[in-house]
Amino acid sequence: MQVEVLFPAVTGLILLPASLFSYTVYRETGYKPLQILALGLIFVAVESFLDAYEASRLLALAGGDWNRVPDDKLGYLLTVDAIRGIFIVLWAGAEVAFTAGVAGTEKRFYTRTLPAIIVAVGIVETIALNFSGIEPLQKRILVSSAGRVLGILVPVAIISGAYLIVKIWREVGSKSILAWGIAFLSHGFTLPLYPLAKETGSIALGLWYLFGGVVPAALAALGAYQLREEARMAAEEVEE
């Protein structure tokens, strides 16, 4: 199996238990942001599986080159890529809603309106560019990907991660918030390095998936675990 297929598939498999654990802790503690985080991790897992599937079909049909995709398969692959892009922006919206939830704000703009705007803009941008007339096709996919990743997901991840660490963790001192902040920063700073990692070789690409997907997923689950422990200790103190 090619590394372009293997790495995203494995990342998706790792994201699933991280999502399940986050949801389990949400059910135990009632901490609403964890429900959003669990859903967001599902979005990333689906995106990873679609990434693996798209890479496998692209390799099989055109040796990995979009410009060599047969005309009768092009529309299908562009649709798969667009759906994958939609799950990317759904994750970006979840990051904003999660950060707002951890911050404790009840303002509708931060909890619903802003995430909805991010998702709507990302969906329109992805569909418009994927089915635009930009040629060559490889450039069209690159522009579409850059728009949703560099234009939406990377800024959201870095701003959310920095806010969680600099603002909330410094005020609250919770290890769970620190873990989530580092997860978002690792995710956000790693994403722009994908073209370089892909060109460098399989080891670099594996490291990219490690620090861009696996480590953030593990940190997200660690944050949920720390929150559960903090809730347990708080309950024990009340009993005493």
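1. The side chains of Glu28 and Arg228 form a salt bridge, with N and O 3.4 Å apart; the term denotes a side-chain nitrogen of Lys or Arg within 4 Å of a carboxyl oxygen of Asp or Glu. Because Glu28 belongs to helix α1 and Arg228 to helix α8 (residues 202-239), the pair ties together parts that are 200 residues apart in sequence. Helices here are DSSP runs (H or I, at least four residues), numbered from the N terminus. Glu28 is partly exposed at a relative accessible area of 46%, and Arg228 is partly exposed at 25%. Buried means under 20% relative accessible area, exposed over 50%, and partly exposed in between, with a 1.4 Å probe and protein chains only.

2. On provenance, this is a predicted model in which local features need pLDDT of at least 70 and side-chain atom pairs count only at pLDDT 80 or more, whereas totals for chains, interfaces and linings use all residues. Residues are numbered from 1 along each chain as its sequence is written, and side-chain values use heavy atoms, with hydrogens and water left out.

3. By the rule given above, the count of salt bridges is eight. One of them joins the side chains of Arg84 and Glu47, at 2.8 Å from N to O. Arg84 lies in helix α3 and Glu47 in helix α2, so this pair ties together parts 37 residues apart in sequence. Both Arg84 and Glu47 are buried, the relative accessible area of Arg84 being 11%.

4. Helix α3 spans residues 71-103 and holds Arg84. Apart from neighbours within four places in sequence, Arg84 is in contact (heavy atoms within 4.5 Å) with Glu47, Leu50, Asp51, Glu54 and Arg148. A network of salt bridges links Glu47, Glu54, Asp81, Arg84 and Arg148.

5. A further salt bridge pairs Lys167 with Glu171, their closest N and O atoms being 2.9 Å apart. Both residues lie in helix α5, four residues apart, or about one turn of the helix. Lys167 is partly exposed at 40% relative accessibility, whereas Glu171 is exposed at 56%.

6. Turning to the aromatic residues, there are 11 aromatic pairs, where rings of Phe, Tyr and Trp (its six-membered ring) pair if their centres lie within 6.5 Å; planes under 30 degrees apart count as stacked, over 60 as edge-to-face and the rest as tilted. Phe98 and Phe184 form an edge-to-face pair, with centres 5.8 Å apart and 65° between the planes. This pair links distant parts of the chain, since Phe98 is in helix α3 and Phe184 in helix α6 (residues 175-190), 86 residues apart. Phe98 and Phe184 are both buried. One aromatic cluster consists of Tyr31, Trp91, Phe98, Trp180 and Phe184.

7. Which residues are joined by a cis peptide bond? They are Glu135 and Pro136, with omega about 0°. Pro136 is placed in the loop between α4 (108-130) and α5 (137-172). For comparison, most peptide bonds are trans.

Key. Helices (H or I, at least four residues) and strands (E, at least two) are DSSP runs, numbered from the N terminus.
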